[in-house]
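My entries follow in the order I made them.

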Amino acid sequence: MNTTAVTTTTTEAPEPWYLALLGFAEHFRTSSPPKIRLCVHCLQAVFQFEPPQRIEARTHLQLGSVLYHHTKNIELAKDHLEKAWYIAQQVPQFEDVKFEAASILSEIFCQQNLVDSAKPLLRKAIQISQQTPYWHCRLLFQLAQLHTLEKDLVSACDLLGVGAEYARVVGSEYTRALFTLSKGMLMLMEKKLSEVHPLLTLCGTIVENWQGNPIQKESLRVFFLILQVTHYLDAGQVKSVKPCLKQLQQCIQTISTLHDDEILPNNPADLFHWLPKEHMCVLVYLVTVMHSMQAGYLEKAQKYTDKALMQLEKLKMLDSSPILSTFQVILLEHIIMCRLVTGHKATALQEISQVCQLCQQSPRLFTNHAAQLHTLLGLYCISVNCMDNAEAQFTTALQLTSHQELWTFIVTNLASVYIREGNRHQELYSLLERINPDLNFPVSSHCLRAAAFYIRGLLSFFQGRYNEAKRFLRETLKMSNAEDLNRLTACSLVLLGHIFYVLQNHRESNNMVVPAMQLASKIPDMSVQLWSSALLKDLNKALGNPMDAHEAAQMHQTFSQQLLQDHIAACSLPEHNLISWTDGPPPVQIQAQNGPTTSLAGLL
């Protein structure tokens with residue numbers, strides 16, 4: 001539905017002067033480029049004729065809509081929409097004008113942070129729209145979205161439940177599925193896992209049983225499968241998710257072959273869609289990247305990120321929807337982590353700067369992603385051996401997040417910083433108490449719990465408690481093998497190999513380091529390759545294999561050189577100064593500095 005179109009659907013025959021003014025207004029609105037000033041003049045001229053209430057209300061709506069969508073004169077738009085809403089309530093059977101005015105007006109209130117004005121307006125519109133299924137459902141979705149933005153997920157879930165029941169009563173199983181899936185999404189955000197399972201089962205049944213427009217049916221299946229996939233990924237179950245992810249990828253391929261039918265549904269409550277087809281494609285790429293990242297298939301993650309970002313660039317030329325910027329930021333967050341693992345720190349830093357720029361353009365985006373941004377900077381700081389800055393970035397990120405999984409991820413990485421520094425025992429032990437994988441681990445994520453065992457193993461190794469370290473690392477291996485967490489497997493194998501080397505058990509050490517090197521090459525993980533090649537060099541010397549020792553030494557030299565060059569390139573970039581930013585919005589301009597200032601000693 002085009003809310004800015006200047007048209008008439010009045011039941012009585014309109015006056016010729018009215019039709020003429022409307023025609024001119026629409027001509028100016030659709031000109032290339034649009035002549036909005038002239039369009040507004042034509043609509044304002046309608047009031048000179050002292051029109052009947054129906055025409056008066058509709059013209060106020062049209063003026064409000066045109067001013068809101070095409071100009072910066074929001075106050076005047078609001079004034080016209082308030083008049084449209086007030087007059088339309090006095091006219092019988094004038095639902096479209098009445099509820100569209102309420103809907104756009106509440107959007108403006110939200111934009112101006114006048115949420116307390118938007119809520120009662122939407123509630124009143126919902127109360128009086130029960131005989132108009134399309135508008136009743138649309139306004140319920142709108143108020144639920146408003147509560148979601150305010151982080152009041154309980155109220156949002158209640159409204160979506162009301163919507164699902166209303167849709168069932170008016171015979172719209174399709175919109176009932178949309179309400180129910182939306183409620184499932186919020187429950188996943190709230191971690192109400194015991195309530196999510198029965199709800200997702202109900203969704204699956206509704207979706208499979210619904211017989212209607214093929215694109216609508218497939219889009220419901222995509223929504224349903226996205227929820228299932230993200231549920232598994234949140235739980236760190238990378239292997240278990242594969243069948244669902246495969247179904248999702250097949251589903252999006254089916255949608256891309258279907259043509260949009262212009263046939264309107266018989267039931268007005270069915271006049272909704274979840275996301276445009278093109279947005280769904282980007283979303284499927286996004287969850288595929290998330291899966292590849294967790295599983296440690298980093299080249300695959302890179303391939304899908306490139307495809308998704310290319311598609312996003314095309315979409316953003318035609319569509320200013322804020323969800324596209326959100327998709328872009330999440331994709332960049334994942335690919336930055338990949339770059340840091342694969343030894344492309346300079347590129348990662350430039351992409352962190354890109355996320356900063358996107359967040360500068362949208363305060364809401366920054367609010368939602370500030371903690372992730374500081375976490376990425378913390379990870380970058382570790383990679384260039386700036387441990388004080390890493391600590392400052394992670395501490396800032398912890399203050400900014402209430403998301404349990406992210407909090408646990410940050411704490412795990414901060415613990416690794418304290419272990420490397422070697423003199424932060426008190427802070428380290430207080431952190432490790434809060435992420436103890438043997439006791440009350442704070443989240444249900446299989447992946448994060450496996451990582452917590454690895455951190456324990458790392459600490460025990462540095463403290464020379466080798467048997468204890470082996471116990472923790474075997475636990476990590478057991479968990480990471482169960483869910484194909486390749487990167488954790490590689491890290492655990494090489495650390496176990498190092499322990500056996502220190503204990504002079506060279507054969508057992510070799511049995512660990514060789515597969516670690518193979519897996520690290522497949523990922524590819526530069527730091528594990530560097531570590532493994534150094535161990536293989538020493539191992540082969542001890543085992544009396546000079547040729548193999550020489551080959552490992554050459555590999556080690558190659559990896560060292562690559563990492564050193566990348567380190568110098570990254571630290572020479574003006575963006576490197578972002579490591580000092582810990583307060584307020586991202587800096588607009590990043591000053592260049594003279595050469596790298598970080599120590600290379602810990603890198604090689």
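The notes below start with the whole chain and then go to single elements.

**Ground rules.** I am working on a predicted model, in which local features need pLDDT of at least 70, side-chain atom pairs count only at pLDDT 80 or more, and totals for chains, interfaces and linings use all residues. Residues are numbered from 1 along each chain as its sequence is written, and side-chain values use heavy atoms, with hydrogens and water left out.

**Whole chain.** I counted 26 helices and zero strands; helices (H or I, at least four residues) and strands (E, at least two) are DSSP runs, numbered from the N terminus. The C-alpha atoms fill a box of roughly 100 × 55 × 45 Å along the principal axes. Of the 604 residues, 54% are buried. Buried means under 20% relative accessible area, exposed over 50%, and partly exposed in between, with a 1.4 Å probe and protein chains only. A contact is heavy atoms within 4.5 Å. Among contacts with a separation of 6 or more, 63% join residues 24 or more positions apart.

**Core.** I took a nonpolar core as a set of buried Ala, Val, Leu, Ile, Met, Phe, Trp, Tyr and Cys residues joined through side-chain atoms within 4.5 Å. The largest one holds 209 residues, and Val222, Leu248, Trp274 and Tyr380 touch the most other members. I listed the partners of Val222, leaving out residues up to four places away in sequence: Leu248, Cys251, Ile252, Ile255, Trp274, Met280 and Val284.

**Helix α16.** This helix covers residues 345-361, and its 17 residues reach 25 Å from first C-alpha to last, close to the 24 Å expected. The expected span is 1.5 Å times one less than the number of residues. Its buried residues include Lys345, Glu351, Ser353, Cys356 and Cys359. What covers the buried residues includes α14, α15, α17 and α26.

**Pro586.** What does Pro586 touch, not counting residues up to four places away in sequence? I found Cys356, Cys359, Gln360, Phe366 and Trp581. Pro586 lies in the segment after α26 and counts as buried because its relative accessibility is 5%.

**Helix α22.** The 17 residues of α22 (466-482) should span 24 Å, and the end C-alpha atoms are 24 Å apart, which agrees. Phe472, Leu473 and Met479 are among its buried residues, and the buried residues pack against α21 and α23. Asp484 follows α22 and has a positive phi near 55 degrees.

I noted a cis peptide bond between Ser32 and Pro33, omega about -5 degrees; Pro33 is in the loop between α1 and α2. The bond from Ile523 to Pro524 is also cis, with omega near -10 degrees, and Pro524 sits in the loop between α24 and α25. Gln504, not a glycine, has a positive phi of about 65 degrees; it is exposed, with a relative accessible area of 62%.

**Cavity.** I searched the whole structure and found one cavity of 30 Å³ or more. On a 1 Å grid over the protein atoms alone, a cavity is a set of points where a 1.4 Å probe fits but cannot get out, and lining residues have an atom within 4 Å of a point. Grid points are joined across faces, edges and corners, and a volume is the space filled by probe spheres set on the points. The largest cavity has a volume of about 60 Å³. Its lining includes Leu188, Lys191, His231, Asp234 and Glu405.

Note on methods. 1 Å grid on protein atoms, 1.4 Å probe; cavity = no way out; pocket = protein on both sides within 12 Å on 5 of 7 lines; lining within 4 Å.
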